[in-house]
Each structure stands twice: as C-alpha cells, then as structure tokens.
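Please look over the model below before reading the comments.

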Amino acid sequence: MNITQIVFSPTGGTQKVVDILSNTWNTQINTIDLTNPKLDFSAFNIDPEDLVILAVPSYAGRVPALAAKRLTQIQGHHARCVLVCVYGNRAYEDTLIELSDLALQCDFEVVAAIAAIAKHSIMTQFATDRPDASDVADLQNYAHQIQEKLDSGRSDLTISQLPGNRPYKQTKGGMIPYASDACNECGLCAALCPAQAIDPTNPKVTDPQPCISCMRCVSKCPHQARQVDPVQLENLVNRVKDAISSRKNNELFL
C-alpha cells in the first residue's frame, strides 16, 4: 500500500500534519499539490490500491472554495481515503462534512477522518507551536488505529457520521493582504499565489476577487513586506479570542 497525499496547504501547517501521518506508515508517498494552479488535476490517475490522505485547512469553518474546485477534477476510483481538516485552534465547523461530500463526489471511500491543530494562518499568535510533540503522538496513534481498521477484514469500512451541518455555513469575504513599503517587487508572492491573485508585472497589486485570504504571500515574503490591515486583524482577534485561546484537542473519527 502506497500513500497518495492530496493536499491544499498554502502556509504549510496542513502539510506538516499530513507528513506526520504519512511517515507513520513508512511507505512510498506521492503528493498532489492543490495549491499549484499550473497542474491539470483531471490528469492524475489514482491507484485504487493506494491509501489517499485528503487534507485541507478550515477557512471560516469551510473547505477553501479553490481547493474544492480543484479536488472535484480528480477521479478517486474508489480508493480508500482519510480526510484531514486542519484548523487554527478556533473551530472547524462544517469543514469535515463538506470534505466528506467532496470525497464521495470524487468516488473515494472515506474510511477515517481527522481534525488536527496547526498555527493559525492569519492570527499567528494562536497555536504557534502546533503541531507539537503531543500532537505528533496523537497523529501517529491515529495512523495506527486507521491501519488496524484497514486490516480488520471488514467488508464496509466507510464512516457514516461526521460533525457539521448541511447546508454548510455561509462565509464572508476574508482579509486581503497588501504590500508595504518594504516590498521590492521581487515577484515571489505572485509566483506562489494559489489563486493567481497577484499581478506578476506589478506584485504590489492584489486582485480581491480571486484572493482567498490564504496568507501564503504573507508567510513566504522574504522581506516581511505583505500584511493584512492591522485594525481588521485586531477586531478579528477580539471577536474570537475567547474561543481560540484555550487548547483544542485533535480528533479521530473511525
């Protein structure tokens, strides 16, 4: 059994969680990067014998719309699939159930689901050091439990219930990063933007329509020259600080 990772991880937290899980199996790992706008996702051929780890961050309690659009181009060929939702210690709300619906649409067999914590991509002062050693132990234990389920010989491994609601919650527009005076127009942000929302000929310009507020440009800028509006950020922190300050636990659904 090989592992195929299908991952949307603009700032790296989701990829960290997936790598901890994947490396526990000690087998060959292939990765499909849903942040890469240059890939033809319909061209990927999923081996039905592979175990697929399908992982996204939770954006305001939902699957990122861009990740969903790219994911639905992939045919799963009834391969077994582990869902992973990574969130910044606030809440993941409808993300897992939406991800499950997308996986079924792609013809994956969902055998397990995980909600895990990583550093918040916008409010980076929260869950800063996660996944930490305790999280690693959790995720490794989850991988062993999933393997036991796969080895159980049961004819039907599909999980039937996940937290969340249908219809999914409505989302609002996010915060759009902008370039500060420190920007030297190197163009790295434009090259790395999953949504192609930054003009490569003028990297100081971000189109708010395609921008998904993923914060990759902020996290990858070598000059720390991109940021969100500090007043908006402070208001967001004040709204959610009670919900986000206490440590959340990882969860496994089998």
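The numbered points below concern a predicted model.

1. Helix H1 (residues 13–25) packs on helix H4 (residues 133–150) with an axis separation of 9 Å and an angle of about 50°. The crossing of the two helices is right-handed.

2. On the H1 side, the contact is made by Val17, Ile20, Leu21, Thr24 and Trp25. Their partners in H4 are Val136, Leu139, Gln140, Tyr142, Ala143, His144, Ile146 and Gln147. By class, the residues of this contact are nine nonpolar, four polar and no charged.

3. The buried residues of H1 are Gly13, Thr14, Val17, Val18, Ile20, Leu21, Ser22 and Trp25. Besides H4, they pack against strands E1 (3–7), E2 (29–33), E3, E4 and E5. Just after H1, Asn26 has a positive phi of about 55°.

4. The largest nonpolar core comprises 45 residues, and Ile6, Leu71, Ile74, Leu83 and Phe108 have the most contacts inside it. Two or more residues come from each of strand E3 (51–57), helix H2 (65–71), strand E4 (80–87), helix H3 (95–105), strand E5 (109–117) and helix H5 (188–192).

5. Which residues does Ile74 touch, leaving aside its neighbours within four places in sequence? They are Ile6, Ile32, Leu34, Phe41, Ile46, Cys106 and Phe108.

Conventions: Residues are numbered from 1 along each chain as its sequence is written. This is a predicted model: local features need pLDDT of at least 70, side-chain atom pairs count only at pLDDT 80 or more; totals for chains, interfaces and linings use all residues. Side-chain values use heavy atoms; hydrogens and water are left out. Axes are lines fitted to C-alpha atoms, for helices over the stretch in contact, and angles run from 0 to 180 degrees between N-to-C directions. Helices (H or I, at least four residues) and strands (E, at least two) are DSSP runs, numbered from the N terminus. A crossing is left-handed if the near helix is turned anticlockwise from the far one by less than a right angle, and right-handed if clockwise. Contact means heavy atoms within 4.5 Å. Ala, Val, Leu, Ile, Met, Phe, Trp, Tyr, Cys and Pro count as nonpolar, Asp, Glu, Lys and Arg as charged, and the others, Gly among them, as polar. A nonpolar core is a set of buried Ala, Val, Leu, Ile, Met, Phe, Trp, Tyr and Cys residues joined through side-chain atoms within 4.5 Å. Buried means under 20% relative accessible area, exposed over 50%, partly exposed in between (1.4 Å probe, protein chains only).
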